[in-house]
2 protein chains.
Amino acid sequence: MAFRDYVSEAKALFDKLLPDNQITEIDYEGPTIVVYTKNIDLFSRRDDIARQIAQELRRRVMIRPDPSIMEPEKEAEETIRNIVPAEAGIQDIYFEPDTGEVIIEADEPSIITSRSSDVISRIKEKTKWSPRVVRAPPMYSRTVKEVREFLREVKAERKKFLHDLGLKLNQPTMPGETWVRITALGGHREVGRSATLVSTNNSKILVDCGMLNTNEIDEQPWAGAPYLYVPEVQPFSSLDAVVLTHAHLDHSGLLPILFKYGYDGPVYMTAPTRDLAALLQQDYIKVAHAEGHKAPYESKHIREMLKHTIVLKYNETTDITRDVRLTFYNAGHILGSASVHLHIGEGLYNVVLSGDVKFERTWLFNPANNRFPRVETFMTESTYAGRDDYQHSRQEASNTLIDIINRTFDRGGSVLIPVFAVGRSQEVMLVLEDAMRNGKIKNAPVYLDGMIMEATAIHAAYPEYLNKTLRESIMVKKENPFLSPIFKRVETKEQREDICDSDENQIVLATSGMMNGGPVMEYFKAWVDDSRHTLVFVGYQAEGTLGRKIQRGATEVTLTEGGKQIKLPVRMAVETADGFSGHSDKRQLLAYIATMQPKPHRILVNHGDGEKTVEFAKLIKSRFGIEAVALRNLETIRLY
Amino acid sequence: MAFRDYVSEAKALFDKLLPDNQITEIDYEGPTIVVYTKNIDLFSRRDDIARQIAQELRRRVMIRPDPSIMEPEKEAEETIRNIVPAEAGIQDIYFEPDTGEVIIEADEPSIITSRSSDVISRIKEKTKWSPRVVRAPPMYSRTVKEVREFLREVKAERKKFLHDLGLKLNQPTMPGETWVRITALGGHREVGRSATLVSTNNSKILVDCGMLNTNEIDEQPWAGAPYLYVPEVQPFSSLDAVVLTHAHLDHSGLLPILFKYGYDGPVYMTAPTRDLAALLQQDYIKVAHAEGHKAPYESKHIREMLKHTIVLKYNETTDITRDVRLTFYNAGHILGSASVHLHIGEGLYNVVLSGDVKFERTWLFNPANNRFPRVETFMTESTYAGRDDYQHSRQEASNTLIDIINRTFDRGGSVLIPVFAVGRSQEVMLVLEDAMRNGKIKNAPVYLDGMIMEATAIHAAYPEYLNKTLRESIMVKKENPFLSPIFKRVETKEQREDICDSDENQIVLATSGMMNGGPVMEYFKAWVDDSRHTLVFVGYQAEGTLGRKIQRGATEVTLTEGGKQIKLPVRMAVETADGFSGHSDKRQLLAYIATMQPKPHRILVNHGDGEKTVEFAKLIKSRFGIEAVALRNLETIRLY
């Protein structure tokens, strides 16, 4: 691939096709060529023209209005508020200068957009911004708001970053032998601290950078980290791109330390993953501090991550290095979760990394995509790939949970459910809301502690990532189950104490999901010696977590409190309602592979307990005749 | 392992045990603590005392005389020449200040050392140097002389280098999880460009750094190099140690580029390997220039290598990094060739890399050692491990060669034998000398072109590395076969042309052994179209070499001469006399493993043609039940 100066090529093309283009600037912005014009006509026909130029150039082109032709944002906002009728109920107005759009969030969008009104055309004419009217999100998310504001603040820095990235992406590739390698840095033959390096003779791409779900991570710094100090990823500035499959901390938790220790390149993820990851990372720091530990990074490193984040939609292909193109596909696991498709070289090689994957339609999401344009090597998670890892159906899981709750309520107890804030919480909320509405459980307060409500609000902010039924019940029918009055947010220590002391029947959903810290520990400590109460596991409990120990039947647990070790006998009932998992069970993983298109030549098994991954690789080999191995952390395999 | 200040510990020990020690300096010199003293008594009892201190300290200790108590070298040499009787025939005198020894090379050592003479005691008394009297080497090696002189020149630099290395070796090891990895960088699933990285959480050790034996290496820079630009070994300054198994260019050929591109750490090898490697590398540059190519390094980089070389004897164990100890064992392949034993951590893990290995007594060497104190992973070469790779015995090989020569002579032709300067040359010389002396071939000149004589002289300089029979015939019986008048050194272009034009029966041994350049090409071009002559292969021909093509029966070959391609029909006879190989054949490799002590847990197969390595790994697994794999270049396996 020789060096091409796309900027001057683009300029020449515009001059040839549209001599009166009034272009004021052409520049790289990451993989895209952005063109600023004062020509309003050109701008209004931007999509067609961009497509035409992009075809010639073989590079994505985006045409933007030159800021000088638009009404300044502050004035434009005032203009819009004056034009739009009060009944429309404007909730928010914000500008996206990159597209020349102004987004108007309103309670009744139809009032603005109805054919009989001239609101839209008047806004256009007056402000020169293109209005996009959307329904105001049904729930308020502080995270979404803050991330959006932060990105606006650092716009200038981001512009420079994207420009530099664009230049880098257009450098010629190295001559000589080409090759593709995968290095296992974490989450191989184990669950937690996911990190996999895909490298070529031109690129180094790190996929995920998580932390171990263990109760010991804070005691030894870096003990819960992937093998990030090995030469393959050192210095971090030698990495070309980082890709995040989804927001859970075992995939995203240590991403900010890359920025703390020198990385300043792009991080690719979906928009909801960005917001959820920032939320969970911020909470991780908070919890660590609350428990007297030192987190390995600070808020400012999360902000650095946000500043370098480039969001992609599902099925949208982007050049992320000189020789690699990335496409995200729905992975069905949590909001915004993605499988990663890497197309290397010009048709040279294709790798798919499943990320955490759910190959079943859930209450929240569509099943994972398993059709790709090409794939030679497929890396699959195997959390539930063991011999006996068959999970119940979603319906069975609900019935089990309802039964557990009813039995607990009958004996005057309360129910504590440790949950990941993201994913399982929302599924359980949907089940509880439905069960109480239909009288399957008596009405009782459902307390949500530890960011669950905030995480839920982020779901509502990205309805396009939910399955159709849920999307419609949230957005169209206005029957948003998450807004049911049964749900109560716990925000203070006092509230928590009241709940712990109460003799009423209650349900508490609290983080963390594997009981390695978080508010769930307070309820657990308060209720652990009372056999009326029940602790219900609904999600995967990793090796080394307190959750795993208790789930396995520990009759006594040791906790550290204020530097002291305390021993607690476990007297509350301990139950598991399986079937809520965001992971495919063994049957689903096999179905995924069986129906995968195209069939990969090689399968790498990761993200599973030690020997399970090896067994599952053997099973794949015997069942499908596909070469399959489970790498060990610190191993490198050559794919091409 | 915590930090220990061995220097002050040593000082304290000396002060306690020998208060009147008159120590003037204590310092690190690589892994050794060196102690300088003015106390002549202490110095004369140095071996006992050093052993005692070393036991307490658990570190090697060397006691040296303070230079101020010795007669200066120049004066001492004069003194010695005056004392020693002329009949002893002094050939050389040189000083080793590190040990306080003066080495006196004489034709008749016994005249100096005889009990009846007081020569030794007079030298000691007058000069304070300890005389070591050795027989003057029977052949003059410019290389040995030049290397020795160079090392004397850079003594001060070496002292600093060894001091800094000593400090580094005494740094504490990193806390945290320990692991051992092997990364295949070259010579895996192929023959050539050997390079293997052994890394731990504390060390990075590169074993070998060779070049491909191909005719195309000079056309693309780095095309014949191992994968040295990968992050695992970049920057080169991140390497802690380099180990060289033997001098052949497919193992040593690119070692100087490490120094060109920033490495400045130690290189461990045997003394003959050092001299042979310098000779072959220097010749490689010369040949490359002669053929109009640019070598990837210059003589000064070879000198840097020499400056950083630490020589070890077989069976001598040395700390080479904070957590790794190295021991060389005889590999039987060529002069000084070694198998590498790495002892990692305190009893944590042991790796043996065979290097090129001959598990049979040859005319030159004892068979390779296959007994080690411990070994968990064994990496074996597999050059002749293919299904049908059974070699003839040394005796059969000789008979075949004699027969080929006689047939060629009978039809009035000459014999051209492409050889590696080191190893095969000397074996073939021994066979030819014996055959002519015993009338099995008629007397005819044997021309040696391309450093063969020089390489042979290096053999004579290190008799302790040869097998007993040869050592005695060279040194004791004075029947040095290498000095037979049948051998004639070719030194000029004119000589070469005369030989090419002559109609006499002649035998030419010329480098390179795989016909990828070197003087052999001149004879080949002169004789190729004459069916009276014979080309005889006696060594391994790697994939991609001209030798391989011709050996496989090419009837026409294309050569590049002065930038032009010339086509030559092959009309001279082409034969192979197998059984001269310095490599174990399949039977010998299996015998090596079968009798290896202890039995390794895992075997890695390298240094063989593509699929052969994979097949041999399978054979090992089925035959011995030992896990065996053939890594691909660029792959990393975790051993611990």
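Which residues of α15(A) are buried? In this predicted model, Ile452(A), Met453(A), Glu454(A), Ala455(A), Thr456(A), Ala457(A), Ile458(A), His459(A) and Ala460(A) are buried in that helix, where buried means under 20% relative accessible area, exposed over 50%, and partly exposed in between, with a 1.4 Å probe and protein chains only. Residues are numbered from 1 along each chain as its sequence is written, while chains are lettered from A and ligands numbered from 1 in the order in which they are written. Local features need pLDDT of at least 70, side-chain atom pairs count only at pLDDT 80 or more, totals for chains, interfaces and linings use all residues, and side-chain values use heavy atoms, with hydrogens and water left out.

**Confidence**
- Chain A averages a pLDDT of 92, and 98% of its residues score at least 70, pLDDT being the predictor's confidence in each residue, from 0 to 100.
- For the complex, the predictor gives an ipTM of 0.82 and a pTM of 0.87.

**Relation of the two chains**
- Chain B is superposed on chain A by a rotation of 180° with 0.0 Å of shift along its axis, at an RMSD of 0.1 Å, by least squares on the C-alpha atoms of residues with pLDDT of at least 70 in both copies.
- That is the relation of a two-fold axis.
- Of the residues of chain B, Thr636(B) comes closest to the rotation axis, its C-alpha lying at 2.2 Å.
- The same surface serves both copies, since 100% of the contact residues of chain B recur in chain A, contact meaning heavy atoms within 4.5 Å.

**Helix α21 of chain B**
- Helices are DSSP runs of H or I with at least four residues, and strands are runs of E with at least two, numbered from the N terminus.
- At 1.5 Å a residue, the 15 residues of α21(B) (610-624) should span 21 Å, and the end C-alpha atoms are 22 Å apart, which agrees; the expected span is 1.5 Å times one less than the number of residues.
- Thr613(B), Val614(B), Phe616(B), Ala617(B) and Ile620(B) are the buried residues of α21(B).
- Seen down the axis of α21(B), these buried residues fall within an arc of 165°, so they line one face of the helix.
- On the other side of α21(B), Glu611(B), Lys618(B) and Ser622(B) are exposed.

**Strand β7 of chain A**
- Seven of the seven residues of β7(A) (180-186) are buried.
- Six bridges join β7(A) to the antiparallel strand β8(A) (195-200), in which Thr200(A) is the bridge partner of Val180(A).

Methods:
The arc is that of the directions from the helix axis to the C-beta atoms. Two strands pair if DSSP finds at least two bridges between them.
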